[in-house]
Amino acid sequence: MKIKNLKTKIKNLKRQFEQETADRQALNIKYLGKKGLFNQLAKEIKTVPAADRKQAGKLLNQLKQELTAQLRQKQTKTQSSWIDLTIPGKKPKVGHLHPISQAMTEITQIFTEIGFTRVRYPEVDWDWYAFESLNMPPDHPARDEWETFFVDLPDTTKDIAYDPAKPRKRHPDQAGGQLVLTPHTSNGQVREMERLNSQPPIRMINIARCYRRQQDATHTQMFHQFEGLVVDQGINIQHLKGTLDYFAHQFYGPGCQSRLRPFHFRFTEPSFEVDFSCHLCQGTGQIKKGKKSTKCRFCKSGWHEVGGAGMVHPNVLQAGGIDPDKYTGFAFGWGIERTYTLRKGLNIDDIRLLYSADLRFLQQF
Ligand code: PHE
């Protein structure tokens, strides 16, 4: 084929294409498909004399580009020429609060309903509030459990000798002391007593971020705790147990029970560990399937340990300027991550997923 003939063929093909009215997809197949008109023409390049083949190639390339561009235009034209109002709309994607934020809102609601006040205290706080005022004198081994991050600033109280016979009363912020990243929300206890000028009644719920030097599948260096504190005249363990049961019913459902096991904390006496009954097996540890029953895979024993609690130690009340002969109180505190995933019946094998910002994970909540 002479190059002249090729040129005419190209021209004709273009004209034919311009007159087309079919939709884009059909045209795409007809002209640019594998066996389309363009490829058919392109095959004929073999018959063009060798000297003209370079030019022929160029012309064909141009043709292809033009057809592709025009095809795009054809579609926009038809699209803008009419609107189908019956096509269902596209829903915009709506996000939601992070699961931990959801849990925090819910926990706040549950406690404010029975007269607690939600407060927040510093996440970087003085040693005094995190330890010393909680009956943990400097160098006391009980502190080890809290795997604390200390802030690298000079401790201005280091030179004041510690005298166990004369515990320091109050540690005004200005006095310094070592700063820590709060390893628990219990730093809010004495702060709340101070906020209320040591005047009970106190009903506090303190939710905050906490930090500990541990990082593995079940621990993150940053996590959340919530802390309850009630101080008034005549407060006793029954009030604590009643409050925990109330929370269990509200958060996990009416069948859920709480259980107190003896434990030890420096800032409560007596102290307990708190368990909630497993809501999958109703605390029996067994799941019934017909006549057979198998071990509940979620809890194994019927109970989940969630955190600590106890009656506020007299020394702690004193540190907050409250007379322990007149007033008593209870406190409890535990991690939100675990509390929340338990309810969902989730055994998240890696808790770090909660903070991975991986939408595939977060969208499930
Ligand atoms: N602060 C304790 C912890 O982090 C929990 C606790 C709070 C225990 C209040 C007793 C009273 O383990």
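Some ground rules come before the structure. Residues are numbered from 1 along each chain as its sequence is written, and side-chain values use heavy atoms, with hydrogens and water left out. Because the model is predicted, local features need pLDDT of at least 70 and side-chain atom pairs count only at pLDDT 80 or more, while totals for chains, interfaces and linings use all residues.

I start with the helices. Helices (H or I, at least four residues) and strands (E, at least two) are DSSP runs, numbered from the N terminus. Helix 5, residues 99-112, packs against helix 10, residues 336-343, at an angle of about 90 degrees, and their axes are 10 Å apart. Axes here are lines fitted to C-alpha atoms, for helices over the stretch in contact, and angles run from 0 to 180 degrees between N-to-C directions. Helix 5 and helix 10 are therefore roughly perpendicular. On the cut-offs, under 35 degrees is roughly parallel, over 145 roughly antiparallel, 65 to 115 roughly perpendicular, and the rest oblique.

Which residues of helix 5 and helix 10 meet? From helix 5 they are Pro-99, Ile-100, Gln-102, Ala-103, Met-104, Glu-106 and Ile-107, and from helix 10 they are Ile-336, Glu-337, Tyr-340 and Arg-343. Contact means heavy atoms within 4.5 Å. By class, this contact of helix 5 with helix 10 has 7 nonpolar, 1 polar and 3 charged residues. Nonpolar covers Ala, Val, Leu, Ile, Met, Phe, Trp, Tyr, Cys and Pro; charged covers Asp, Glu, Lys and Arg; the others, Gly among them, are polar.

Next is helix 8, residues 237-252, whose axis comes within 10 Å of that of helix 5, crossing at roughly 130 degrees. Helix 5 and helix 8 are therefore oblique to each other. Glu-106, Ile-107, Ile-110 and Phe-111 of helix 5 make the contact with Thr-243, Tyr-246, Phe-247, Gln-250 and Phe-251 of helix 8. Those residues divide into 6 nonpolar, 2 polar and 1 charged.

Helix 8 also meets helix 10: their axes come within 10 Å and cross at roughly 55 degrees. That angle makes helix 8 oblique to helix 10. On the helix 8 side the contact uses Phe-247, Phe-251 and Tyr-252, and on the helix 10 side Thr-339, Tyr-340, Leu-342 and Arg-343. Here the classes are 5 nonpolar, 1 polar and 1 charged.

On a 1 Å grid over the protein atoms alone, a cavity is a set of points where a 1.4 Å probe fits but cannot get out, and a pocket is an open set with protein on both sides within 12 Å along at least five of seven lines; lining residues have an atom within 4 Å of a point. Grid points are joined across faces, edges and corners, and a volume is the space filled by probe spheres set on the points.

The largest pocket is about 1,000 Å³ in volume. It is lined by 38 residues, and Arg-212, His-219, Val-306, Gly-335 and Arg-338 are the closest to its centre. Elements giving two or more residues to that lining include strand 6 (222-232), strand 12 (328-335) and helix 10. The lining of the largest pocket has 15 nonpolar, 15 polar and 8 charged residues.

How many cavities of 30 Å³ or more are there? The count is 1. The largest cavity holds about 40 Å³ of space, and its lining is Tyr-252, Phe-276, Ser-277, Cys-278, His-279, His-304 and Leu-342.

Last, the backbone. Most residues other than glycine have a negative phi, and most peptide bonds are trans. Pro-200 and Pro-201 are joined by a cis peptide bond, with omega about 10 degrees. Another cis peptide bond joins Glu-269 and Pro-270, with omega about -5 degrees, and Pro-270 is in strand 8. Asn-135, not a glycine, has a positive phi of about 70 degrees.
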